[in-house]
Amino acid sequence: MAYATWLCVVKSDRLSVFFEQPLLVWLKKNLSSTATYDAWSCGWSLVFGSIVRLVESYNSAIATPLVAGNGTTARPRQGVRWVPLAAGFYKLNSDGSRCTNIGYASCGGVIRNDMGGWIICYIRFIGAPHVLVEVDNIVVAKMLSDRHIVSEGNSLEYGWFLGFYHSPCVIREVLRNDMIIGTVAARTHKGYIKSCQPLELGENCDLFAVCLCWLWVLLFCLRFLVLGACFSSLSLSLLIQRFYFFFIKSGLVCMMLENRSMAGRILLLLLSVNVISFIANAVPETCPADLGEKCGEDGEWEGEFFPGVPKIKYEGPSSKNPLAYKWYNAEEVILGKKMKDWLRFSVAFWHTFRGTGADPFGAPTKYWPWEDGTNSIAMAKRRMRANFEFLNKLGVDRWCFHDRDIAPDGKTLQETNSNLDEVVALAKELQGDKIRPLWGTAQLFLHPRYMHGAATSSELGVYAFAAAQVKKAMEVTHYLGGENYVFWGGREGYQTLLNTDMERELDHLARFLEAAVAYKKKIGFNGTLLIEPKPQEPTKHQYDWDAATTLNFLRKYGLLGEFKLNIECNHATLSGHSCHHDLETARINGLLGNIDANTGDPQVGWDTDQFMTDIGEATMVMLSVIKNGGLAPGGFNFDAKLRRESTDVEDLFIAHISGMDTLARGLRNAAKLIEDGSLTELVRKRYSSFDTELGGQIEAGKADFEMLEKKVMEWGEPKVASAKQELAEMIFQSAL
């Protein structure tokens with residue numbers, strides 16, 4: 001059959017080419033091309049089925065013994081085999097999937113005859129799905145078969161029934177056309193089936209089922225109101241499974257729905273199961289118990305999120321306690337200012353509480369005890385409470401956030417803003433008078449709408465949406481007492497210039513930033529607007545490549561007085577500079593406003609966002625900060641994340657303690673260098689020739705070429721002194 005399928009799908013003039021190539025080679029070359037196959041509506045469904053059939057035949061023909069650890073031959077691996085059905089029936093095995101971030105869904109299935117023989121395999125793209133995407137399998141299966149269908153699979157068993165509520169028109173049509181004749185409750189792990197007799201529906205039985213299902217949904221809604229916010233989608237899923245497994249396996253699905261008496265008995269069962277399930281869920285299942293804590297009656301987490309971690313204190317360089325500061329002593333005065341005022345540390349909400357450890361090659365590795373697997377409002381509030389406990393124990397009074405990290409997206413902008421307002425209200429309450437955001441920002445890079453950029457998107461609607469999102473994020477930052485607002489244009493750039501009008505995109509970006517300045521002033525937000533340069537990733541080229549590029553952009557569009565720069569060290573190294581270089585570029589142009597404290601790996605060519613632990617790098621960073629007179633109202637934000645392999649809760653504290661101690665030690669070293677004066681004197685001597693009368697005239701712009709030519713004629717060949725680089729490095733290293 002597989003051979004015949006390929007003959008039908010592959011164009012006749014391409015058959016010889018197709019059959020001469022290995023299947024996998026042909027698929028790789030032609031899977032997304034129409035050069036070989038006929039583009040008819042069901043073509044690729046049949047191709048897919050044919051491939052799966054070939055794989056199944058191959059696996060069935062080979063039985064490889066498995067060797068156990070003791071050297072004996074273990075039981076051969078066997079596939080699940082289903083008991084044949086009654087003559088005249090087809091069986092449908094189906095499944096479905098849904099991509100949660102974009103909302104698209106698909107379904108697929110296999111149809112076999114009463115002897116278990118393969119009939120056809122199909123797949124189907126559904127688009128915006130029903131709640132249970134597998135309901136669509138029923139319609140597809142009927143189109144491919146002219147016999148009665150027996151459905152299999154737990155999800156489809158309750159899927160078609162729940163479909164009365166979610167998609168009554170589709171399901172009633174299915175039932176009216178007698179597409180579903182019965183169900184099969186499968187116990188795959190034991191390898192047998194419990195078969196039901198065909199279910200024959202009367203003229204109005206589907207109407208009864210619709211009414212019953214609506215009543216059950218109403219009861220569930222009442223349960224939800226009682227249980228409150230801690231009753232999440234996970235609890236709903238478990239509730240449905242408990243009900244349907246009991247309902248189906250009790251055999252009631254196989255009974256005749258011939259009269260109201262039977263409907264009454266079903267309703268009684270519904271009510272009974274609801275009561276039992278209500279009792280079972282009295283303690284919400286989404287409240288984790290990993291740390292021995294529990295959720296309260298209002299659904300909130302009770303007790304500490306970090307019960308094994310004390311408030312972090314300064315113990316000095318000799319301490320061996322990993323949960324103590326060795327170099328950061330917040331109240332200690334360095335060069336006339338307290339360490340906490342020089343450093344102004346901040347915790348990044350996204351890396352600390354939304355980081356999962358996932359990377360392009362691997363799934364998430366971090367599962368914090370307070371997480372319930374959802375992105376609900378209740379979960380957002382719980383994360384916020386964990387955030388402020390973390391800040392208090394760490395002794396840090398600033399935090400940074402993206403709008404979409406602290407509150408989930410809604411179906412509309414209005415709903416999204418409402419979600420954000422609800423979480424921000426809690427944050428306002430928790431931060432009190434001492435804690436505030438170092439800065440806030442809008443996440444304009446994750447959602448698919450921003451695939452072409454935000455302010456530089458080729459779509460006007462996206463530009464407008466980004467403006468609305470920044471407007472709200474700026475309002476929220478202002479409401480929380482934020483000291484700065486950041487623009488990071490992760491997708492403000494291009495992948496190729498062949499389809500890009502770069503001049504127009506840069507003009508649009510400038511207009512966007514001008515509008516942000518105007519709105520900042522309108523709402524009375526006195527914080528500093530910051531731009532965070534980055535050369536690339538995720539785009540091939542980002543318009544704010546480095547500090548110098550961004551400086552030129554601001555100068556061209558007359559925005560120099562409105563913005564400063566947020567320099568991220570790892571971004572500087574990606575652009576081919578050191579962090580010290582970009583800091584100095586920003587500082588000498590009066591644009592150094594904030595530092596994202598992290599570092600990259602010199603052997604890795606992407607933005608790894610590691611905590612800074614290099615004492616030499618930290619010392620050079622602090623030399624720039626001291627020369628700048630500090631960073632206020634900016635500070636040091638730890639835009640850094642745990643390594644993928646670091647999965648303990650205490651690792652969050654250890655990483656931040658290490659980063660804070662590194663910068664504190666850098667501050668001490670920089671102060672030592674400045675107080676010693678040797679390095680400063682070396683630099684002064686190197687440029688001492690300009691400390692003369694003529695040097696002053698040159699620096700004042702009063703020396704022309706004719707004057708300088710006369711001096712050269714008078715002096716002859718100039719003497720060039722040593723730069724003393726090795727001595728400078730020796731002095732620097734002696735301070736570490």
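Is arginine 344 buried or exposed, and what is its relative accessibility? In this predicted model, arginine 344 counts as buried, its relative accessibility being 8%, a value that falls under the 20% limit set for buried residues. The residue is placed in a loop, with α11 (339-343) on one side and β13 (345-348) on the other. From this position the side chain of arginine 344 reaches the backbone oxygen of glycine 634 at a distance of 2.5 Å.

The cysteines were examined next. A search of the whole structure returns one disulfide, which is formed by cysteine 569 and cysteine 579, with the two sulfur atoms 2.2 Å apart. The link between cysteine 569 and cysteine 579 is left-handed, with an angle of -45° about the S-S bond. Because cysteine 569 lies in helix α19 (residues 569-574) whereas cysteine 579 lies in helix α20 (residues 579-588), the pair ties together parts that are ten residues apart in sequence. A disulfide is a covalent bond joining the sulfur atoms of two cysteines. Both cysteine 569 and cysteine 579 are buried.

Cysteine 400 is likewise classed as buried, and its relative accessible area is 0%.

How values were computed: Residues are numbered from 1 along each chain as its sequence is written. This is a predicted model: local features need pLDDT of at least 70, side-chain atom pairs count only at pLDDT 80 or more; totals for chains, interfaces and linings use all residues. Side-chain values use heavy atoms; hydrogens and water are left out. A disulfide is a pair of cysteine sulfur atoms within 2.5 Å. Helices (H or I, at least four residues) and strands (E, at least two) are DSSP runs, numbered from the N terminus. Buried means under 20% relative accessible area, exposed over 50%, partly exposed in between (1.4 Å probe, protein chains only). A polar contact is a pair of N or O atoms within 3.5 Å; within protein, one must be able to donate a hydrogen and the other to accept it, and residues adjacent in sequence count only if both atoms are side-chain atoms.
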